[in-house]
Amino acid sequence: MTTTSPTSLWQPSATLDTLKSRARIIAKIREFFQNRGVLEVTTPVLLSTVAPERYQNPPVCQNGYLHSSPETAMKRLVAAGYGSIFQICQVFRADEAGRMHNPEFTMLEWYRPEWSIDELMLEVGDLMQEVLHCSSPITLTFRQAFQKYVGIDPFLSPLADMLAKVSTPPPDGLDRSSLTDLLLVDQLEPALKKQGGSLFLVDYPAWDPAMAEVDPGPPKVAKRFEMYVDGVELANGYQELRDAHEQNQRFEKINQQRLQDGQQPLPVDNHFLDALSSGFPRCAGVALGVDRLLMLALQKERINDVIAFPNDRA
Amino acid sequence: MLNHNQLRQGTRVEIDSVPWIIIDAQFVKPGKGQAFTKIKIKNLIDGRVIERTFKSSDSVSKADVMDKTMQYLYSDGEFWHFMDPASYEQVALTEKQVGTTTLWLREQENYEVTLWKDKAIAVIPPPFVVLDITKCDPGIKGDTVSGANKPATLETGAVIKVPLFVNEGERVRVDTRTGQYVERAK
């Protein structure tokens, strides 16, 4: 870790070489989508209503919220029949700062109408091979990965068995979903880092399906994937939920959970729900963290190494 | 109270009614999941190091701890006595509390005494101290191997390695964090 005196905080934390590589890789990503006929779009960063998430907080400002993802606006474009679209933009998550997190970061998000989640995963793999030159990713279900690398079944193992796997004394009062989150970052990610290579985790537990379709199972799972490269969580994709009523119920449940967690409920984007109601096509979509992609491509240990001015200098 | 995301390296916290200093803090979070902060903490009283994990809704008390510059007076064998040069107030630390700092204690010099709820719990030496060499054999003539060194006993009783050209009666600057010789001093 480098130490800096306070007076040097005016300086960028990324080197000129890193910023040149950053520009080159982002240009390569644009070229990848242009070659495939995917339209680049720009949607608002400043929103008056959002898609509430239980564990993500969009920063509040005088006129609304800074978006934590361009998801609802992009899906409105899909509902309007604008076809395959992508966007590279800054997104915001209050209070997230660490080796792998900055409260403002660069997101690549794209949507493929008429595609299945499996087709989209192939495309994510293609992009990764072009940018990171990594081998083609393997696929494991969420359950298989936990059985293989952690030695528990997140759907069925007794909570006591799961608690026994945590490396340090865990906080009190963790339910199955929180304990699974903790084991993911405490056990699974380090194991994936140690093993190296790229991996899709699929079929997430349906306790938090977010905006993905649900497969009734058993086990009941969300049609969702996360891509990991060398243990770094890089991209989150969905077979997009098309049912406006179901989506609205999920938002309401999330806002109730936020209240219980001591968080403010968030106003729901009704334009997005109207767009789903108007007839949303079968569609797969994915969001990918560009800064983390750059960390992997340039072999940097900290997200601050690939951002000109991270939070403590912004 | 501190939120989980205010837990940073160097912050002193009170956990299980005991003061600790955070020596490492890691924010971890699955994209859609719950955030956690893992901290490695050192017990300010007995030096024990443990790890703890907090979830986003947890909060942790700040430890009522402060550092005060105090002058080392003397040891009576059981307690080590220090004085606040401004108020002349005195505090006494046990051998365990003084720990390895005893190797660098020179009377009349200033040290940082850690107070928890106004009670002294530890003493930290400055990063560098200058001490007299009280015992050191002369270097063997003709031995010019670079990097060769020999043991030297300092006035505090500490034994360090010094280069061959350093002699008994001279003063040396020592890095208290590593216990290594830095240079000859006047």
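Student: How much space lies in the second largest cavity?
Tutor: In this predicted model, the second largest cavity holds about 40 Å³ of space. A cavity is a set of points on a 1 Å grid over the protein atoms alone where a 1.4 Å probe fits but cannot get out, and its volume is the space filled by probe spheres set on those points, which are joined across faces, edges and corners.

Student: And which residues line the second largest cavity?
Tutor: Its lining, meaning residues with an atom within 4 Å of a point, consists of A51(A), P52(A), E53(A), A210(A), M211(A), F251(A) and I254(A). By class there are six nonpolar residues, no polar ones and one charged, where Ala, Val, Leu, Ile, Met, Phe, Trp, Tyr, Cys and Pro count as nonpolar, Asp, Glu, Lys and Arg as charged, and the others, Gly among them, as polar.

Student: How many cavities of 30 Å³ or more are there?
Tutor: The count comes to two cavities of 30 Å³ or more, and the largest cavity has about 560 Å³ of space. That largest cavity is lined by 42 residues, of which Q56(A), S68(A), R93(A), F105(A) and M107(A) are the closest to its centre.

Student: Which element gives the most to the lining of the largest cavity?
Tutor: That is β11(A), which gives six residues to the lining of the largest cavity. Elements that each supply at least two residues are α2 (71–79), β6 (104–113), β11 (232–239) and β12 (283–289) of chain A, with helices (H or I, at least four residues) and strands (E, at least two) taken as DSSP runs numbered from the N terminus.

Student: Changing topic, at what angle do α1 and α3 of chain A pack?
Tutor: Helix α1 (residues 16–35) and helix α3 (residues 117–132) of chain A pack at about 140 degrees, with their axes 10 Å apart. That angle makes α1(A) oblique to α3(A), the label left over once under 35 degrees counts as roughly parallel, over 145 as roughly antiparallel and 65 to 115 as roughly perpendicular.

Student: Which residues make that contact?
Tutor: From α1(A) come I25(A), K28(A), I29(A), F32(A) and F33(A), and from α3(A) come E123(A), D126(A), L127(A), E130(A) and V131(A), where contact means heavy atoms within 4.5 Å. The contact of α1(A) with α3(A) has six nonpolar, no polar and four charged residues.

Student: What about α4 and α6 of chain A, how do their axes cross?
Tutor: The axes of helix α4 (residues 142–149) and helix α6 (residues 176–195) of chain A come within 10 Å and cross at roughly 70 degrees, which makes α4(A) roughly perpendicular to α6(A). Here F142(A), A145(A), F146(A) and Y149(A) in α4(A) meet residues of α6(A) including T180(A), L183(A) and Q195(A). The contact of α4(A) with α6(A) divides into nine nonpolar, two polar and no charged residues.

Student: Is the G217(A) to P218(A) peptide bond cis or trans?
Tutor: The bond from G217(A) to P218(A) is cis, with omega near 10 degrees, and P218(A) lies in the loop between β9 (214–215) and β10 (221–229) of chain A. The bond from P218(A) to P219(A) is cis, with omega near -10 degrees, and P219(A) is found in the loop between β9 and β10 of chain A.

Student: Where does D95(A) lie?
Tutor: D95(A) lies in the loop between β5 (85–92) and β6 of chain A, and it has a positive phi of about 70 degrees although it is not a glycine.

Terms used. Residues are numbered from 1 along each chain as its sequence is written. Chains are lettered from A and ligands numbered from 1 in the order in which they are written. This is a predicted model: local features need pLDDT of at least 70, side-chain atom pairs count only at pLDDT 80 or more; totals for chains, interfaces and linings use all residues. Side-chain values use heavy atoms; hydrogens and water are left out. On a 1 Å grid over the protein atoms alone, a cavity is a set of points where a 1.4 Å probe fits but cannot get out, and a pocket is an open set with protein on both sides within 12 Å along at least five of seven lines; lining residues have an atom within 4 Å of a point. Axes are lines fitted to C-alpha atoms, for helices over the stretch in contact, and angles run from 0 to 180 degrees between N-to-C directions.
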